[in-house]
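Trainee: I would like to learn how to read aromatic contacts. Please take me through them.

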Amino acid sequence: MSLNVGVIGVGMIGQDHIRRLTHVLSGARVAAVTDVDLDRARAVADDLPGVTVHGSGEDLIADPAVDAVVVTSWGPTHEAYVLACIAAGKQVFCEKPLATTREACDRIVDAEVAAGRRLVMVGFMRRYDPQYRAMKEIVTSGEIGAPLLMHAAHRNPSVPDFFTSDMTINDSTVHDIDVARWMFDDELAAVTVLKGRVSRKAKAGFHDPLLVVLQMAGGVLVDVEAMVNAGFGYDIRGEVVCEDGTVELSESAGAVVKSAGRYAGRVPANWRERFVGAFDTEFQAWIDAVTAGGTTGPSAWDGYATTVGCETGLAALRSGQREPIVLRERPDLYKPEAGA
Ligand code: NAD
Ligand code: ISE
């Protein structure tokens with residue numbers, strides 16, 4: 001039996017997730033779509049047999065033919081849809097961010113806790129990338145000692161005109177913040193954001209690159225070079241320094257060519273190419289968990305903690321100071337012993 005999925009927001013990533021649900025993965029089909037741009041929703045539906053086009057996200061969530069929901073609309077709209085799914089008792093996969101403010105994430109956490117079970121998965125797909133998983137396995141095994149530092153780089157080739165320095169933190173670095181919490185099974189304690197020389201490719205008033213320094217509660221420091229005008233491609237790096245060795249994120253899969261005086265591999269063009277396998281694995285895990293009656297992966301708590309990390313990062317960008325990251329108490333629903 002196939003899981004009938006409704007998709008809210010059929011722009012760039014919504015269409016990519018529809019492609020994987022329809023043509024790549026097993027156990028699910030797209031049953032309904034909607035978008036504030038209804039012409040776009042209808043155009044997407046043209047290629048999907050038997051799909052219903054709804055006039056609003058609320059109607060899609062209420063549709064009894066929709067078993068579970070994927071939210072891929074713009075960030076500020078996520079809260080209302082995720083809350084409506086929780087109220088309807090339907091499992092929801094929400095692309096990052098869970099919501100754009102601490103208060104909105106609080107409301108989602110409160111609603112899920114009141115429901116008494118996990119209904120929300122947040123789309124932090126890096127946790128499903130084989131290279132990141134291999135790195136975490138080494139760190140967690142303890143074979144090279146306790147972790148001390150992580151160096152990371154998040155380089156986008158370019159960004160659209162509407163992108164701002166704030167988005168470098170809450171749209172891009174949000175992934176590195178999630179990776180840091182996951183890699184070290186630890187919470188964030190503080191953040192500092194350094195602005196240096198500005199790339200000639202940055203538009204006026206835009207600080208690019210930024211150096212974001214996170215301190216974890218257990219003391220590990222994580223520095224993230226966040227650059228959105230790298231030009232040459234999408235370049236994601238990571239290295240964890242432990243007491244007895246280091247572990248590096250291997251470059252994305254693909255052939256390395258050695259020839260006369262040359263050692264070369266492919267630089268991914270964008271995040272879709274770099275993380276295509278991670279998105280597939282992430283979604284299959286969600287389909288399987290929902291079909292079995294639950295959910296899996298990054299939780300509403302993870303969505304809350306990363307949004308608070310980003311908000312505090314923006315405060316640090318403005319103040320130039322080290323800003324403490326203050327989280328609410330983690331509800332029992334999200335404690336590891338609850339299986340979260
Ligand atoms: P997009 O602008 O291409 O698509 C968003 C779509 O949502 C548009 O078609 C828009 O009309 C629609 N929409 C906006 N408000 C709506 C509403 N209230 N109800 C229904 N539809 C609405 O944006 P995108 O790049 O596809 O990003 C969508 C989300 O996915 C964002 O939250 C973004 O951060 C996230 N994202 C995640 C990754 C990742 O690597 N995990 C990558 C890209 C985008
Ligand atoms: C984009 O929204 C994503 O989520 C990508 O994974 C990230 O690398 C990129 O910087 C964001 O703009």
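Trainee: Are Phe283 and Trp286 buried or exposed?

Mentor: Phe283 is buried, and Trp286 is buried too. Buried means under 20% relative accessible area, exposed over 50%, partly exposed in between (1.4 Å probe, protein chains only). This is a predicted model: local features need pLDDT of at least 70, side-chain atom pairs count only at pLDDT 80 or more, and totals for chains, interfaces and linings use all residues. Residues are numbered from 1 along each chain as its sequence is written, chains are lettered from A and ligands numbered from 1 in the order in which they are written, and side-chain values use heavy atoms, without hydrogens and water.

Trainee: How many aromatic pairs are there?

Mentor: A pair of aromatic rings is described by the distance of the centres and the angle of the planes. Rings of Phe, Tyr and Trp (its six-membered ring) pair if their centres lie within 6.5 Å; planes under 30 degrees apart count as stacked, over 60 as edge-to-face and the rest as tilted. The count is 7 aromatic pairs. Phe283 and Trp286 make an edge-to-face pair, 6.1 Å centre to centre with 70° between the planes.

Trainee: Why is the pair of Trp301 and Tyr304 tilted?

Mentor: The planes of Trp301 and Tyr304 stand at 35°, with ring centres 4.8 Å apart, so the pair is tilted. Both residues, Trp301 and Tyr304, are buried.

Trainee: Which residues form one aromatic cluster?

Mentor: Phe93, Phe283 and Trp286 do.

Trainee: Which charged end sits over the ring of Trp182?

Mentor: A charge sits over a ring if NZ of Lys or CZ of Arg is within 6 Å of the ring centre and within 35 degrees of the ring normal. Over Trp182 sits the charged end of Lys136, 5.3 Å from the ring centre. Arg272 lies over the face of Trp271, at 5.0 Å from the ring centre.
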